[in-house]
Amino acid sequence: MVKLNKIYTRTGDGGSAGLVDGSRVSKASLRMAAIGEVDEANAAVGVAIATLEPGNVVGQLLCIQNDLFDLGADVATPGEVEGALRIVASQVGRLEREIDAMNESLEPLTSFILPSGPSGVSALHLARAIVRRAERAAVALNEAAPLNPQLLAYLNRLSDHLFVAARHVAAAEGGDALWKPGGTRGD
């Protein structure tokens, strides 16, 4: 499917990038911003994987990284293109099943959670925040040029997945860092 013999092409030197359909857009366009945010989100998930013990949601995160490449291809394919790689409902459904499975063993929330804790937990929270930025970029693009609705649902569900994964990992490492409203005001 993909064969890269040469990494640089010089075709983007003037500030444009090629899309899957062969068209070119400005590297400053909403589409390229969304693609870049998805790429950063994928890299953040990779950092989270590097901080976690094998088996501890790592398999799920590796699937998510693959999905994010699919999602990036989806964003990079404007309009209706025959045979285009698109995010599908079953990918969103898998995230929902994984969220539900991880959430079963967790205590209900009694406070907001600080994006903190051991390195794996913190890395998952950072990845979640970056995914939310990628979602905002995709929503902005969608307002200008409609995207696959499953793509938007996937990004929305992914931030939930990473939040629950952070809680799941934290539960095994001493629990969530909870927000204490006004807790730093003193007496």
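**Salt bridges and helix packing in a predicted model**

Glu37, Glu40 and Arg133 are joined in a network of salt bridges. The model is predicted, so let's walk through it with a few questions.

Q: How many salt bridges does the count come to?
A: Side chains of opposite charge can pair when their charged atoms come close. The rule here asks for a side-chain nitrogen of Lys or Arg within 4 Å of a carboxyl oxygen of Asp or Glu. By this rule, the count of salt bridges comes to seven.

Q: Which helices hold Glu37 and Arg133, and how far apart in sequence are the parts they tie together?
A: Glu37 and Arg133 form a salt bridge, with their closest N and O atoms 2.6 Å apart. Glu37 sits in helix α1 (residues 30–51) and Arg133 in helix α4, so the pair ties together parts whose separation in sequence is 96 residues.

Q: Is Glu37 buried or exposed?
A: The cut-off for buried is under 20% relative accessible area. Glu37 has a relative accessible area of 18%, so Glu37 is buried.

Q: Where do Glu98 and Arg94 lie?
A: These two residues form a salt bridge, the closest N and O atoms being 3.5 Å apart. Glu98 counts as buried at 13% relative accessibility, and Arg94 counts as buried at 19%. They are four residues apart, about one turn of the helix, and both lie in helix α3 (residues 89–104).

Q: How many residues apart are Glu96 and Arg157?
A: The side chains of Glu96 and Arg157 meet in a salt bridge, 2.7 Å from N to O. Glu96 is in helix α3 and Arg157 in helix α5, so this pair links distant parts of the chain, and the separation is 61 residues.

Q: Are α4 and α5 roughly parallel or antiparallel to each other?
A: Helix α4 (residues 119–144) and helix α5 (residues 149–171) pack with their axes 9 Å apart, at an angle of about 170°. Angles over 145 degrees count as roughly antiparallel. The two helices, α4 and α5, are therefore roughly antiparallel.

Q: How many nonpolar residues does the contact of α4 with α5 have?
A: On the α4 side, the residues in contact include Val121, Leu124, Val131 and Val139. On the α5 side, they include Leu151, Leu155, Leu162 and Phe163. By class, the contact has three charged residues, four polar ones, and a nonpolar count of 17.

Note on methods: Residues are numbered from 1 along each chain as its sequence is written. This is a predicted model: local features need pLDDT of at least 70, side-chain atom pairs count only at pLDDT 80 or more; totals for chains, interfaces and linings use all residues. Side-chain values use heavy atoms; hydrogens and water are left out. Axes are lines fitted to C-alpha atoms, for helices over the stretch in contact, and angles run from 0 to 180 degrees between N-to-C directions. Angles under 35 degrees count as roughly parallel, over 145 as roughly antiparallel, 65 to 115 as roughly perpendicular and the rest as oblique. Contact means heavy atoms within 4.5 Å. Ala, Val, Leu, Ile, Met, Phe, Trp, Tyr, Cys and Pro count as nonpolar, Asp, Glu, Lys and Arg as charged, and the others, Gly among them, as polar. Buried means under 20% relative accessible area, exposed over 50%, partly exposed in between (1.4 Å probe, protein chains only).
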